[in-house]
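Dear colleague,

Please find below the sequence and structure that I am handing over to you. My findings follow directly after them.

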Amino acid sequence: MTDEPETGPSRRGFLRQTALAGAGLVAGATAARADTPDPLITEVQPWATEFGDAVDAHAYGMPIRFESHVRRQYVEWLTESPVSSINFTPIHALEGTITPQGCAFERHHSGAIELSKQDYRLMINGLVERPLVFTFEDLLRFPRATTTAFCECAANGGMEWGGAQLEGCQYTQGMIHNMEYVGVPLRVLLEEAGVKPEGKWLYAEGADASSNGRSMPMEKAMDDVMLAFFANGEALRKEHGYPARLVVPGWEGNMWVKWVRRLGVYDQAVESREETSKYTDLMPDGRARKWTWVMDAKSVITSPSPQVPIRHGKGPLVISGLAWSGNGAVTRVDVSLDGGRNWTPARITGEARAKALTRFHLDIDWDGSEMFLQSRAVDETGYVQPTKDALREIRGRNNVYHNNAIQTWWVRADGEVENVEIA
């Protein structure tokens, strides 16, 4: 394996060469079809002969029907019941970094509840000077903040520990979303209650039947955790914790307690059912890693991928993907076309924010031969996304959580794509 860039032509060089040749490959392909009149251009179409929808046709705008395939997906055999289960974000069909709320994956332990703002209460008690109970209106009076963060299920990619299992980027890596949140920094509310010096842990529980209580060190709670009311400019959706949830940047999604009703301050972790029987990482010797909250650096190529095969044949190809790290900002993403033998730095598109999704692109001239696509992320701490073999050497195969290994897609010569592993 080498870290040297590929010696193939750069995108700039490729475009310059094709321009000197008289026309780019894209233009050439289009020109060949333009020899015959295209009725979609030369003939008046129905949509140009009649009125479209009025401005009030839809009080809340929805995606056009041609994009109905872009939706969350549920895999029935993963869990016993959809009430305590998960679905997957269609990351293969999205671009940019912000996930629409209607596409953002769901994870419930006892189903999504309907809780109104009028009925909502938040209690802060335990080792505090002033135990408090807030209404939703009370909370809206505190100074607000904005943060953009990814929420990733600890089990994202968990089916892949034992080998390539699921076909589709959505199913292998789709337990993740990235949204802009507005709410109150948690430290503001905790300072209002007055945390006592012996208060070292915070226990958050939800208002749903499972409560899904989780403990976190007070240092994290006072750092960048938020009680959020809005996501992507609108109120939280029901399935994302309306009217209020925790946002815990960089940490596993089970810590992002939805419908949060109580924050208890204690001198030690509560060690509830949800943080002992689950969300620990089983090691080969039978021990379990505990308190593994941080989601380490990871990336995945979203296109081409099994749900996004190459249909246009040889020529210019845009490789697109996502990278993220719970330890900070992604500083570099490398892409390999040959299963990790050679690596080329990808172009980070837009701002690489800490603890948020980062979009990367690599523009190539595909010659029609098979490829083994991989990407690897590097974050600001210098951490490099590992291979599956490197992870398994330490943590074995009998695991569920924190699989941030490099994903491989086999692109066949016909453009179809499969989920594979390279021995």
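Please note that the model is predicted.

I begin with the annotated spans. UniProt, in an unreviewed entry, places the feature "domain: Moybdenum cofactor oxidoreductase dimerisation" at residues 289–408. That span is 7% helix and 40% strand, and its end C-alpha atoms lie 27 Å apart. The annotation "domain: Oxidoreductase molybdopterin-binding", also from UniProt and likewise marked as an unreviewed entry, covers residues 115–271. Residues 115–271 are 14% helix and 36% strand, with 27 Å between the end C-alpha atoms.

The domain assignment divides the chain into domain 1 (73–290) and domain 2 (298–420). Their contact takes 44 residues from domain 1 and 40 residues from domain 2. The C-alpha centres of the two domains are 27 Å apart.

Turning to the interface, domain 1 and domain 2 bury about 3500 Å² between them, and 52% of this lies on carbon and sulfur atoms. On the side of domain 1, the residues that lose the most area to domain 2 are His92, Phe150 and Trp161, which together account for 22% of what that side buries.

The elements giving two or more residues to the side of domain 1 that touches domain 2 are strand 5 (145–152), helix 5 (169–173), strand 6 (176–185) and strand 13 (281–282). Helix 5 gives the most to that side, with five residues. By class, the side of domain 1 that touches domain 2 has 17 nonpolar, 17 polar and ten charged residues.

Some points of backbone geometry remain. Tyr242 and Pro243 are joined by a cis peptide bond with omega of about 10°, and Pro243 is in the loop between strand 10 (234–235) and strand 11 (245–247). The peptide bond from Ser303 to Pro304 is cis as well, with omega near 0°; Pro304 is in the loop between strand 15 (298–303) and strand 16 (315–324). Trp291, a residue other than glycine, has a positive phi near 60°, and lies in the loop between strand 14 (288–289) and strand 15.

With kind regards

Definitions and conventions
Residues numbered from 1 in each chain as written. Predicted model: local features only at pLDDT ≥ 70, side-chain atom pairs only at ≥ 80, totals over all residues. Heavy atoms only, no water. Domains from an automatic or database assignment. Contact = heavy atoms within 4.5 Å. Buried area = accessible area lost by both parts, 1.4 Å probe. Helix = DSSP H or I, 4+ residues; strand = E, 2+ residues; numbered from the N terminus. Nonpolar A, V, L, I, M, F, W, Y, C, P; charged D, E, K, R; others polar. UniProt positions renumbered as here; feature names shortened; annotations may be inferred.
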